[in-house]
Amino acid sequence: MIEVKNLTKRYGNHTAISDLTFTIEKGVIYGFLGPNGAGKSTTMNIITGCLGATEGEVLVDGHSISEEPMLAKKLIGYLPEQPPLYTDMTPLEYLTFVASAKHIPRNEQTKQIDSVMEKSGIQEVRNRLIRNLSKGYRQRVGIAQALLGNPEIIILDEPTVGLDPAQIIEIRDLIRLLGKDHTIILSSHILSEVQAVCDSIMIISNGKLVASDTPENLTRLFAGTTTLHVEAKGDLEIVRRILSGVEHIEDITIGPDDGQDLIVADLKPEEGADIREDIFMAFAEAKIPLLEMKSMRASLEEVFLELTQGDMPQISDSTDHADIENADAYNAGKEAVAG
Amino acid sequence: MTAVLRREIGSYYKSVTGWLLAAFLLIFAGIYCMSYNLSGYSAKFEYVLSAISFIYLIAVPIISMRSLAEEKRQKTDQLLYSLPVRLSSVVLGKYLGMLTALAFPVLIMSLYPLILSQFGTILYASAYGALFAFFLLGACLLSIGLFISSVTESQVASAVITLVAMLLLYFMNGLSSFISTEATSSLIALMILAVIFAVILQVLAKNVYVSILAAVAGCGGLYLWYAGNPSAFSGLFSTIMQSVSVFDRFDAFTDGVFDLTAVIYYLSIICVFLFLTVQSMEKRRWNE
């Protein structure tokens with residue numbers, strides 16, 4: 001549907017995007033993910049013809065955006081980061097303007113405008129001045145504008161920024177609905193959003209495409225970095241000795257927990273090994289209370305952080321639920337010893 | 001183009017701008033018509049137009065300031081760039097919208113000669129010829145205003161720069177008469193113009209080398225020409241100023257002459273500035 005080839009954009013000495021190449025398939029919802037200033041908006045502006053590229057080209061259904069802009073632009077509906085609304089018009093007037101600028105025949109205009117207003121839920125404000133509409137409604141008018149002419153590709157630049165949680169959910173539902181018969185590219189710096197609606201994620205950092213895959217694959221790609229987090233009560237040396245007795249551990253990071261009488265250890269098990277049981281038994285035999293043990297997998301968030309910052313993933317607490325509650329662990333340990 | 005045009009007209013008359021412009025023009029036309037024609041017993045409506053041509057100094061900035069600068073500020077220019085519409089159509093639509101805003105009061109003014117004919121003999125050809133030229137002068141100044149609006153970021157900046165440009169154009173001929181007709185002073189004045197041109201180039205294109213090259217080439221060329229033929233420079237500056245003065249070209253019409261070269265001159269200026277406006281919009285697509 002869209003082919004982006006070796007796209008580069010420079011502003012003087014600053015390179016906004018460099019050598020970007022990717023393909024957009026028909027009927028897929030794509031998420032452009034990247035920190036602020038990564039080049040998401042620049043890329044979208046170039047794809048839609050709002051901005052000229054320094055090098056490279058964009059083909060929309062075979063039509064080059066720079067050589068045949070009229071043909072290419074007809075296939076795209078675009079909502080820029082800031083909805084381009086004429087605030088002195090009502091949504092109805094505004095959409096009529098956009099419809100005739102998109103060369104929609106006059107006898108079809110009313111029907112199409114009605115249909116996009118219905119889809120984006122702005123029927124009830126159709127005759128109010130855009131100036132007086134709330135941010136959420138303005139965003140919807142912007143989306144309605146992009147939908148006019150029933151373009152095959154819809155490009156939305158940060159469509160949920162500045163909306164309240166209820167509106168965000170509504171817009172996401174709308175995007176999912178539109179995804180059934182349009183190709184959609186949306187950009188965001190919010191991970192959960194992209195994860196929630198997109199079939200495919202492209203992570204952009206410093207103007208480069210660093211990853212492109214489905215959310216599941218991206219997470220799986222980094223699932224190998226599962227670690228086991230252990231908290232135990234006792235002496236550092238004893239804990240270290242217990243852990244060194246357990247097999248299949250590749251790497252141990254150990255140290256006392258600040259302020260508390262605890263020893264905290266992060267263990268990296270060998271590929272495919274489940275060492276939780278062995279750890280438990282080892283601590284139980286040594287009569288050292290194990291307060292907490294959980295295995296943690298890199299979430300998409302960490303994948304994102306690692307790809308965009310080049311650091312190792314920070315381990316979060318929320319992904320895998322192998323938690324052993326403190327009290328349970330303690331009791332279980334005692335029982336095991338008694339048994 | 002028609003979509004943009006319709007939007008422009010709508011926005012002129014939904015806000016006060018269109019009405020303000022019409023009221024402004026008509027009030028001045030009315031006052032001068034009253035004093036020249038009715039109280040002054042003159043049958044020449046052309047004199048009224050000649051006297052009120054100064055109101056373009058204020059009218060042009062008012063109409064043109066919001067056209068493109070405001071699109072940029074509101075980021076609605078992104079919509080225009082992403083729509084399947086050529087930039088030339090957008091600029092043309094905007095320009096025709098401005099012309100419509102100007103044409104409305106001018107059409108009302110076209111009734112004045114008919115009213116005056118009740119009281120005496122009116123030379124219709126001369127009166128309407130002058131009115132046409134009056135409109136054309138406005139159209140020419142508006143194209144300059146549109147261009148200035150396309151290179152500025154805010155309405156205020158656009159209005160101020162347009163006002164200064166209009167003042168310069170209005171007083172250009174008068175100011176040039178202060179330069180003595182000696183060859184050397186003509187040379188210096190022209191060199192200063194070349195430097196000013198280079199500065200404008202620098203502001204627009206932001207390319208130091210090109211600007212310096214333009215300044216050096218302009219001054220050097222002028223000096224070589226002067227060294228070769230000093231007599232050609234005596235009085236040259238004021239002659240040039242006189243022939244390019246937009247407002248002075250209008251005087252011929254008020255004297256009852258339908259000056260075809262002036263019409264062509266105005267049309268050429270309009271074409272040049274519309275072209276420059278399209279280029280400046282196109283340039284924004286690359287440098288933004």
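**Entry 1: starting point**

I count two strands as paired if DSSP finds at least two bridges between them. I keep in mind that this is a predicted model. I began with chain A. Its elements come to twelve helices and 14 strands. I then looked up burial, and buried residues make up 41% of the 339 residues in chain A. I also looked up contacts in chain A with a separation of 6 or more, and 68% of them join residues 24 or more positions apart.

**Entry 2: the hairpin**

Strand β1 of chain A covers residues 2-11, and strand β2 of chain A covers residues 14-24. The two run antiparallel, and seven bridges join them. Which residue in β2(A) is the bridge partner of Y11(A)? I found H14(A) there. I checked R10(A) as well, and its bridge partner in β2(A) is T15(A). β1(A) and β2(A) form a hairpin, with two residues between the strands. I looked at the turn and noted G12(A), which has a positive phi of about 60 degrees.

**Entry 3: the sheet**

Next I followed β1(A) to its other partner strand. Strand β4 of chain A, residues 55-60, pairs with β1(A) in the antiparallel sense over five bridges. I picked out one pair here: T8(A) stands opposite E55(A) in β4(A). I then read the order of the whole sheet. In chain A it is β2-β1-β4-β5, an open sheet of four strands with antiparallel pairing. Why is one side of β2 and of β5 of chain A left without a neighbour in the sheet? Both strands stand at the edges and each has a single partner strand, so one side of each has no neighbour there. I note that β5 of chain A is residues 63-64.

I also looked for a helix over these strands. Helix α1 of chain A, residues 40-47, lies across β1, β2 and β4 of chain A. I read its direction as about 120 degrees to β1(A).

**Entry 4: two domains in chain A**

I looked up the domain assignment of chain A. It gives domain 1 as 2-217 and domain 2 as 222-338. Domain 1 of chain A brings ten residues to the contact, and domain 2 of chain A brings five residues. Which elements give two or more residues to the domain 1 side? I listed α7 (191-197), β9 (200-205) and β10 (208-213) of chain A. I sorted the residues of that side too: seven are nonpolar, three are polar and none is charged.

**Entry 5: chain A against chain B**

I turned to the contact of the two chains. It takes 20 residues from chain A and 19 residues from chain B. On the chain A side, α2 (69-74) and α3 (91-101) are the elements that give two or more residues. I sorted this side as well, into ten nonpolar, six polar and four charged residues.

**Entry 6: a helix in chain B**

My last stop was helix α11 of chain B, residues 183-205. I read 23 residues and a reach of 32 Å from its first C-alpha to its last. That is close to the 33 Å expected at 1.5 Å a residue. Which residues of α11(B) are buried? I wrote down S186(B), L187(B), A189(B), L190(B) and A198(B). These buried residues pack against α12 (208-228) and α13 (236-244) of chain B. Just past the end of α11(B), I noted K206(B), with a positive phi of about 55 degrees.

Terms used: Residues numbered from 1 in each chain as written. Chains lettered and ligands numbered in written order. Predicted model: local features only at pLDDT ≥ 70, side-chain atom pairs only at ≥ 80, totals over all residues. Expected span 1.5 Å × (residues − 1). Buried ≥ 20, exposed ≤ 12 C-beta atoms within 10 Å, placed from the backbone. Contact = placed C-beta atoms within 7 Å. Axes fitted to C-alpha atoms, helices over the stretch in contact; angles between N-to-C directions. Domains from an automatic or database assignment. Nonpolar A, V, L, I, M, F, W, Y, C, P; charged D, E, K, R; others polar.
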